[in-house]
Amino acid sequence: MGLFWKVGLINGAVLVAAAALLVLGPFSVSRRPVMSEVVVLGVGLLAMLVVNALLLRSSLGPVDRVVREMATVDPLHPTDRLATPRSAPGRQLVAGFNAMVDRLQDERSASNAKALAAQEAERHRIAQELHDEVGQRLTVVLLGLKRAEQRAPAELAADLALLRETTREGLDDVRRVARQLRPGVLEDLGLASALASLTTDFAQHSGAQVRRVVTPGLPPLPPDTELVLYRVAQEALTNAARHAGATSVELSLTRVGDRVALVVADDGHGFDVRREGAGLRGMRERARLASGELTVTSDPSGTTVRLEVPVTAS
Amino acid sequence: MSTPARILLADDHALVRRGVRLILDQEPDLTVVAEAADGAEAVQLVRSLDLDLVVLDIAMPRMTGLQAAREITRRTSHGDPPRMLMLSMHDNEQYFFESLKVGASGYVLKSAADEDLVGACRAALRGEAFVYPGAMSPLVRDYLDRMRRGERVPETVLTEREDEVLKLIAEGSSSKEIAAALTISVKTVERHRANILAKLGMRDRTQLTRYAIRAGLIEP
Ligand SMILES: Nc1ncnc2c1ncn2[C@@H]1O[C@H](COP(=O)(O)OP(=O)(O)OP(=O)(O)O)[C@@H](O)[C@H]1O
Ligand SMILES: [Mg+2]
């Protein structure tokens with residue numbers, strides 16, 4: 001029943017009941033009302049108002065509550081939706097609202113996906129260019145200088161050696177930038193090696209012990225999904241190194257039924273998971289790209305980031 | 001002196017190939033006898049030529065250097081395959097471990113090729129491994145971890161200096177940084193490094209591969 005009819009019927013029913021009481025009950029109102037009649041009328045009116053208010057509250061209350069709750073929903077959280085109330089008008093409102101939030105979220109994640117994919121493609125292109133063009137040319141210069149140095153008269157050799165060192169530094173810079181843009185190891189050697197490389201880097205740059213468990217024989221995943229797993233592992237490890245104050249961290253990649261689970265767990269001091277920064281939001285967005293499910297749990301004894309992606313995701 | 005070692009050089013970049021060739025031909029004990037512009041061509045040439053060493057760039061079209069190395073190892077299961085050395089832009093220890101896995105003796109970074117390549121070729125020809133410096137840290141860290149846990153590790157007697165160098169390597173310091181920290185020359189650091197590798201049983205290719213598999217750095 002629509003909200004209009006419900007309110008109309010409730011009011012109507014109360015008025016009809018009052019009219020019936022007035023007609024059938026032992027009540028009368030004189031042309032000049034005496035005090036007792038006014039009191040009775042007043043009591044009757046009050047009773048009517050109270051009954052009306054109670055009845056209306058049961059049907060409009062849920063609507064108010066829904067309106068209040070709307071403000072706090074986080075569309076990014078797929079599970080953060082309004083609970084469906086039992087009575088009809090609230091239920092319709094909630095259903096409509098949740099559907100809209102879902103639609104909003106779908107659209108947003110579609111455009112985020114596009115932006116992320118475009119960004120990754122661009123990074124890929126630049127990294128490739130750096131490796132294949134700039135890097136090779138600098139290699140040619142480096143080797144040429146070495147050769148020239150071997151044959152140059154002594155007074156030139158020192159200059160050439162200096163140039164050679166500078167060239168090497170340039171080559172190292174190019175390589176470092178390319179590596180930051182795009183992990184070549186993921187493409188060339190696969191996810192297991194890329195994760196191994198992340199943990200090696202982590203062990204080198206933080207004081208914490210790191211353990212890596214990658215189940216052998218994992219099913220092949222689409223490259224986009226591997227990239228999502230890699231980036232989430234990278235961000236989770238960065239957070240563990242930067243914020244956790246952990247003494248040991250474990251990274252695992254295992255198969256769970258028809259899903260692959262990536263877990264990064266640290267034994268640091270934890271944090272309030274409701275206070276997400278750009279890093280955790282980014283992880284959530286990427287998880288959605290791979291139709292995956294990201295859960296972050298944290299307490300004072302450590303933080304666990306878990307990402308599960310379906311094996312058949314395309 | 002015996003005849004120089006016969007080398008096949010594979011790189012898709014003609015100028016890089018030329019640069020490497022000039023460096024190698026300069027040495028009396030090394031000679032480049034053939035060049036390939038991609039992995040497939042390299043595999044082909046290995047079958048028809050008598051070679052001692054193949055130097056393979058990793059990033060090549062048609063067939064990467066790693067795929068080519070795997071193919072060369074696989075095809076020459078009887079008889080001696082030529083030794084192989086990988087050459088690459090990527091500064092990442094995983095490439096070195098993958099190189100060992102596909103049967104290569106070592107991994108040389110292009111940005112260090114002017115210094116390391118000749119030495120790496122000679123090491124490979126002797127049957128030794130050329131350990132890419134960036135891979136030293138995970139290797140010796142595993143060793144230190146196992147020692148700390150009280151596991152049995154290869155019996156070694158490192159000198160005090162070697163022990164210091166070992167710890168710095170485990171922390172990921174480069175040769176240059178170690179030299180600065182201990183106020184010794186880079187050359188001395190590198191000599192210590194070679195001694196440490198030998199004492200930990202990681203000098204020859206097969207030993208090193210076995211060690212890396214046990215350390216979980218390479219999947220068997
Ligand atoms: N593993 C962790 N242990 C302890 N605190 C953490 C951990 N991960 C995140 N945090 C806390 O949560 C906050 C938000 O993390 P998030 O990754 O979203 O953003 P950030 O790391 O601060 O910024 P960004 O990653 O964008 O540079 C961090 O500032 C930190 O206080
Ligand atoms: Mg972060």
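## Exercises on a ligand shell and a chain contact

The largest share of the shell around ligand 1 comes from helix 7 of chain A, which gives five residues. The structure is a predicted model, and the exercises below treat first the ligand and then the contact of the two chains.

**Exercise 1.** Describe the shell around ligand 1 by its nearest residues and by residue class.

*Solution.* Begin with the count: there are 13 residues around ligand 1, and those that come nearest are A:E235, A:N239, A:H243, A:G277 and A:L280.

**Exercise 2.** Work out which polar contacts ligand 1 makes with A:D266, A:G279 and A:L280, taking a cut-off of 3.5 Å between N or O atoms.

*Solution.* Start with the side chain: an N or O atom in the side chain of A:D266 is 2.9 Å from a nitrogen atom of ligand 1. Then turn to the backbone, where a polar atom of A:L280 is 2.8 Å from an oxygen atom of the ligand, and a polar backbone atom of A:G279 is 3.2 Å from an oxygen atom of ligand 1. As to cover, ligand 1 has 590 Å² of accessible area on its own, and the protein covers 74% of this. Finally, assign the shell to elements: those of chain A that give two or more residues are helix 7 (223–244) and helix 8 (278–289).

**Exercise 3.** State how many residues each chain brings to the contact between chain A and chain B, and how much area the two chains bury.

*Solution.* The contact takes 33 residues from chain B and 32 residues from chain A. Between them the chains bury about 3,000 Å², of which 53% lies on carbon and sulfur atoms. On the side of chain A, the residues that lose the most area to chain B are A:Q136, A:L143 and A:R175, together 21% of what that side buries.

**Exercise 4.** Count the salt bridges and the polar contacts between the chains, and find which element of chain A gives the most to the side that touches chain B.

*Solution.* The count of salt bridges between chain A and chain B is five; in one salt bridge, the side chains of A:R168 and B:D114 meet at 2.7 Å, N to O. Residue pairs in polar contact between the chains, both at pLDDT 80 or more, number 18. Several elements of chain A each supply at least two residues of the side that touches chain B, including helix 4 (154–181) and strand 1 (209–214). Helix 3 of chain A gives the most, with 11 residues, and the residues of that side of chain A divide into 10 nonpolar, 11 polar and 11 charged.

Key. Residues numbered from 1 in each chain as written. Chains lettered and ligands numbered in written order. Predicted model: local features only at pLDDT ≥ 70, side-chain atom pairs only at ≥ 80, totals over all residues. Heavy atoms only, no water. Near = heavy atom within 4 Å. Polar contact = N/O pair within 3.5 Å; in protein donor to acceptor, adjacent residues only side chain to side chain. Areas by Shrake-Rupley, 256 points an atom, 1.4 Å probe, with all protein chains shown as cover. Helix = DSSP H or I, 4+ residues; strand = E, 2+ residues; numbered from the N terminus. Nonpolar A, V, L, I, M, F, W, Y, C, P; charged D, E, K, R; others polar. Contact = heavy atoms within 4.5 Å. Buried area = accessible area lost by both parts, 1.4 Å probe. Salt bridge = Lys/Arg side-chain N within 4 Å of Asp/Glu carboxyl O.
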